[in-house]
Amino acid sequence: MPTSNVIAFQGFPGAYSDLSCRNVFPEMTTLPCATFEDAFAAVREGRAALAMIPVENSVAGRVADNHHLLPEGGLHIIGEHFQRVNHQLLAPKGATLDSIKTVRSHIQALSQCRKMIRELGLEAISHADTAGAAVEIAKLNDPRHAAIASSLAAEIYGLDILKGSIEDAEHNTTRFLILAREPKLPPVGTGKVITTFVFRVRSVPAALYKAMGGFATNGVNMTKLESYMVGGQFHQTQFYADVEGHPDERPLRLALEELDFFAREVKILGVYPANPFRYQESQRVGED
């Protein structure tokens with residue numbers, strides 16, 4: 001199989017990452033990987049052309065591991081995808097809502113379906129992976145046990161969907177980044193662009209305030225700014241940022257030049273087209 005037609009993801013077949021890969025790249029073959037590090041390595045080593053990695057969820061927040069992996073992973077962000085998460089209650093053939101007593105899934109999926117779990121009086125059992133939980137339920141083949149996973153997992157493992165769209169929040173959406181070995185910068189002027197970068201500020205008073213000033217004075221919209229500890233040291237903080245704009249356009253170029261005065265280790269992780277979902281959501285919120 002040509003590796004140019006392979007996209008890697010973390011998890012078992014049928015995971016939401018697998019579903020996202022298939023939705024965006026239906027012509028590609030998905031490659032399940034045990035860990036996020038393995039998915040990065042599959043692309044670096046040429047076993048896959050792309051990787052699809054989740055970075056944040058509208059309910060659960062950021063996927064912390066990947067903020068650490070992205071700067072050191074040796075890959076470039078070339079796109080983003082927003083995947084609506086529709087959780088399904090899955091069980092073996094013959095099971096019913098009355099027969100099931102336990103439900104297995106990833107801790108976040110369980111927390112996102114609290115209402116249904118409480119209504120059915122189920123015992124929630126944490127699992128490392130939503131699709132992995134579906135694998136376990138298929139092997140048990142016991143009508144007393146169910147899983148929360150995707151419709152794709154139901155299809156792959158031959159499980160029935162006892163109840164669909166069971167998540168508490170209708171807006172439950174995961175943002176994924178598409179990664180490749182080489183950058184793929186969109187041409188200037190071809191549409192809205194997101195630039196993602198990481199940096200550390202110098203250890204001087206008001207360094208972060210000053211570092212951010214260039215984005216404000218140059219009219220650059222910053223859509224995300226997060227901090228996290230580096231190397232287990234409390235005085236070492238790295239910042240992860242998403243901004244609207246292309247580094248070859250004057251506003252962002254000037255903002256990044258000013259950032260260099262007050263920050264260190266500035267590293268651009270990717271310049272890529274903004275997914276239209278961003279602006280559809282903004283319009284919907286504005287209408288509400």
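The accessible surface of the protein in this predicted model comes to about 13900 Å². Carbon and sulfur atoms account for 52% of that surface. Turning from the surface to the inside, 49% of the 288 residues are buried.

Now for the overall build. The chain forms 10 helices and 15 strands. Its C-alpha atoms fill a box of roughly 65 × 45 × 40 Å along the principal axes. The radius of gyration is 21 Å, which agrees with a compact globule, because a globule of 288 residues would have a value near 19 Å. Among contacts with a separation of 6 or more, 74% are between residues 24 or more positions apart.

Let us zoom in on one residue, Asp 242. Where is Asp 242 found? It sits in strand β14, which covers residues 233–244. Is Asp 242 buried or exposed? Asp 242 counts as buried because its relative accessibility is 1%, and buried means under 20%.

Which residues does Asp 242 touch, leaving aside its neighbours within four places in sequence? Its contacts include Arg 175, Ile 194, Thr 195, Asn 221, Lys 224, Tyr 272 and Arg 278. Thr 196 is also in contact with Asp 242, and the side chains of these two residues are joined by a polar contact of 2.6 Å.

Technical notes:
Residues are numbered from 1 along each chain as its sequence is written. This is a predicted model: local features need pLDDT of at least 70, side-chain atom pairs count only at pLDDT 80 or more; totals for chains, interfaces and linings use all residues. Side-chain values use heavy atoms; hydrogens and water are left out. Helices (H or I, at least four residues) and strands (E, at least two) are DSSP runs, numbered from the N terminus. The radius of gyration is taken over C-alpha atoms; the globule rule is 2.2 Å times the number of residues to the power 0.38. Buried means under 20% relative accessible area, exposed over 50%, partly exposed in between (1.4 Å probe, protein chains only). Contact means heavy atoms within 4.5 Å. Accessible areas come from the Shrake-Rupley method with a 1.4 Å probe; for residues, only the protein chains shown count as cover. A polar contact is a pair of N or O atoms within 3.5 Å; within protein, one must be able to donate a hydrogen and the other to accept it, and residues adjacent in sequence count only if both atoms are side-chain atoms.
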